[in-house]
Amino acid sequence: RSDNEFVSDHAIVITKNTSDARLQEIKSELAAKGVSFSYKKVRRNSQGEITRIKIETNNGKGSKSTISAMADDGEPIDDIVIEL
C-alpha cells in the first residue's frame with residue numbers, strides 16, 4: 001500500500017492507486033470494527049488509477065456516508081478521506 005493510504009480508528013483514505021485487493025482488505029478491516037464499508041462503480045484508466053468510485057460507510061452508531069468521486073477524461077480521482 002502507498003504511503004498516503006491508511007486506515008485508523010477514525011478515518012480511512014482511498015487514493016487513485018488503491019487496488020481492488022486493498023479495497024477488499026479495507027472492507028474486512030472495517031467489518032472487524034463493526035463498520036460497514038461498500039464500494040461500487042470502480043472505473044480505472046489505462047494506468048490502473050481509479051477514475052470513478054462510489055463508497056458507502058455506516059458505523060452502526062448513526063454515522064452513514066456516501067461518497068461519489070468521478071474525474072474527467074480518464075484523470076485519476078483526488079484522495080478520498082472518510083471520517084468514521
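Residues are numbered from 1 along each chain as its sequence is written, and side-chain values use heavy atoms, with hydrogens and water left out. Because the model is predicted, local features need pLDDT of at least 70 and side-chain atom pairs count only at pLDDT 80 or more, while totals for chains, interfaces and linings use all residues.

**View 1. Isoleucine 77 in the loop between strand 4 and strand 5.** Isoleucine 77 lies in the loop that runs between strand 4 (64-70) and strand 5 (80-83), strands being DSSP runs of E with at least two residues, numbered from the N terminus. With a relative accessible area of 6%, isoleucine 77 is buried, a term that means under 20% relative accessible area with a 1.4 Å probe, protein chains only. Arginine 52 is 25 residues away in sequence, yet its C-alpha is 6.8 Å from that of isoleucine 77. Beyond neighbours within four places in sequence, isoleucine 77 has contacts (heavy atoms within 4.5 Å) with residues including Thr15, Ile50, Arg52 and Met70.

**View 2. Threonine 57 in strand 3.** Threonine 57 belongs to strand 3, residues 50-58, and is buried at 7% relative accessibility. Leaving aside neighbours within four places in sequence, the residues in contact with threonine 57 include Ser36, Phe37, Ser65 and Ile82.

**View 3. Phenylalanine 37, a contact of threonine 57.** Phenylalanine 37 is itself buried, with a relative accessible area of 2%.

Notes: Helix = DSSP H or I, 4+ residues; strand = E, 2+ residues; numbered from the N terminus. Buried < 20%, exposed > 50% of the residue type's maximum accessible area, 1.4 Å probe, protein only.
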